[in-house]
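The following exercises concern a single protein model. Please examine the sequence and the structure before working through each solution.

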Amino acid sequence: QDVLRFALLNNIPDMTKKEWIGTENITVPDNEGIQRMNAAVSLLQNEFNAWLYSLPVNKKEELESIYNETFNCYVKPIYDGSYQSFPGLDLKGLGIPDLYQSQKDAILCLKNENGGIIDHEVGGGKTLIMCVGAAEMKRLRLANKPCILGLKANIQDIAQTFKRAYPGAKILYATKNDFSKENRENFFNKIQNNNWDCIIMTHEQFKSIPQSTETQKEVINEEIDKIEAAMKILSDGKSSKAAEKGLLKRKENLQAKLNAITQKMNDAKDNIVDFKTMGIDFLFIDESHKFKNLTFQTRHQRVAGLGNSNGSDRALNLLFALRTIQKKTGKDLG
């Protein structure tokens, strides 16, 4: 039964055993047991595959039909954006006859779905997709104050492309001086108090914007709840002390962060400008893989490629911002 379970999960348990080291009876990894379990799991998986391929064609088609009817219940949409007209777009200023078909399709996807991932290759025109996408969402009132985030090396090119594409647009482009200690608050007030067609800044500048303390508190409480659920499952079964200790340490760190946020909420003045009060309601994120390392919970050990479960501050900060947008708009993505 255990072999079948681990074969289905495609996982190997963290097995331990007791050994006497001198006068101490300590827990050590059971390498022989792990190897035996690994061999049994591999054998079962190979035998299942051999059985599956040995079936007659009609039986294979029957199983395929059952699988598709059970699991494949979503059809990926296809977007044809060729009918769009893009009022206000200055193609002559950009020096191009028209947008690529792929760009038009991507912009339609963003407008219809309230966001998405545009995974085009280098040279596919992602910068113009963001600029035209932001202008279209503003024009159609799908977003009131869109914002584009980019790498420091690319952000000036993004701003210049937007100005060439829409010469009459009201754009706020953050310079290095805008985020200096003495100018930062003034820049935040500019974001809040004006009706911008688009705001453009770097990943690093975005990270320095204060996030809503209420949203931070909600997200961290969710993470603590997940940790407590994982700890309960570990305590009910045979778990490694290292896994329990890691979860406990994470919970303590999050609790300390939560206490600091609660204190900040108690001390805060009513006129503090944060991301929530700025009114930004849509984010275009260039090179979004820079934000991929979000915190996560797992009971599995020694799984290649999972990375650090603590995640990165950059990704967590973006999560706070997206939760704020989604709560405000009542929509997914954003």
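**Exercise 1. Charges over rings**

Over the face of which residue does arginine 5 lie?

*Solution.* The model is predicted, so local features need pLDDT of at least 70 and side-chain atom pairs count only at pLDDT 80 or more, while totals for chains, interfaces and linings use all residues. Residues are numbered from 1 along each chain as its sequence is written, and side-chain values use heavy atoms, with hydrogens and water left out.

Step 1. A charge sits over a ring if NZ of Lys or CZ of Arg is within 6 Å of the ring centre and within 35 degrees of the ring normal.

Step 2. Arginine 5 lies over the face of phenylalanine 6, 4.7 Å from the ring centre.

Step 3. Likewise, the charged end of lysine 170 is placed over the ring of tryptophan 196, at 5.1 Å from its centre.

**Exercise 2. The sheet**

Determine the order of the strands in the open sheet of four strands.

*Solution.* Step 1. Strands (E, at least two residues) and helices (H or I, at least four) are DSSP runs, numbered from the N terminus. Two strands pair if DSSP finds at least two bridges between them.

Step 2. Strand β3 (residues 146-150) pairs with β5 in the parallel sense over four bridges; cysteine 147 has isoleucine 199 of β5 as its bridge partner.

Step 3. Strand β4 (residues 171-173) and β5 are joined in the parallel sense by three bridges, and isoleucine 171 stands opposite cysteine 198 in β5. Between β4 and β5 the chain passes through helix α8 (residues 184-193), a right-handed β-α-β crossover (with the strands pointing away from the viewer, the path from the first strand over the helix to the second runs clockwise).

Step 4. β3 and β6 also pair in the parallel sense, over four bridges, with leucine 149 opposite isoleucine 285 in β6.

Step 5. The order is therefore β4-β5-β3-β6, with parallel pairing. β4 and β6 (282-285) stand at the edges with a single partner strand each, so one side of each has no neighbour in the sheet.

**Exercise 3. Strand β5**

Are the residues of strand β5 buried or exposed?

*Solution.* Step 1. Buried means under 20% relative accessible area, exposed over 50% and partly exposed in between (1.4 Å probe, protein chains only).

Step 2. In a regular strand the side chains alternate between the two faces of the sheet.

Step 3. On one side of β5 are Cys198, Ile200 and Thr202, on the other Ile199 and Met201, and all are buried. Thus five of the five residues of β5 (residues 198-202) are buried.

**Exercise 4. Aromatic pairs**

How many aromatic pairs are there?

*Solution.* Step 1. Rings of Phe, Tyr and Trp (its six-membered ring) pair if their centres lie within 6.5 Å; planes under 30 degrees apart count as stacked, over 60 as edge-to-face and the rest as tilted.

Step 2. This rule gives seven aromatic pairs. One of them is the tilted pair of phenylalanine 162 and tyrosine 166, with 5.8 Å centre to centre and 50° between the planes. Both phenylalanine 162 and tyrosine 166 are buried.

Step 3. Phenylalanine 206 and phenylalanine 275 form an edge-to-face pair, 5.8 Å centre to centre with 90° between the planes. Phenylalanine 206 belongs to helix α9 (residues 203-207) and phenylalanine 275 to helix α12 (residues 275-278), so this pair ties together parts that are 69 residues apart in sequence. Both phenylalanine 206 and phenylalanine 275 are buried.

Step 4. Phe179, Phe187 and Phe188 form one aromatic cluster.
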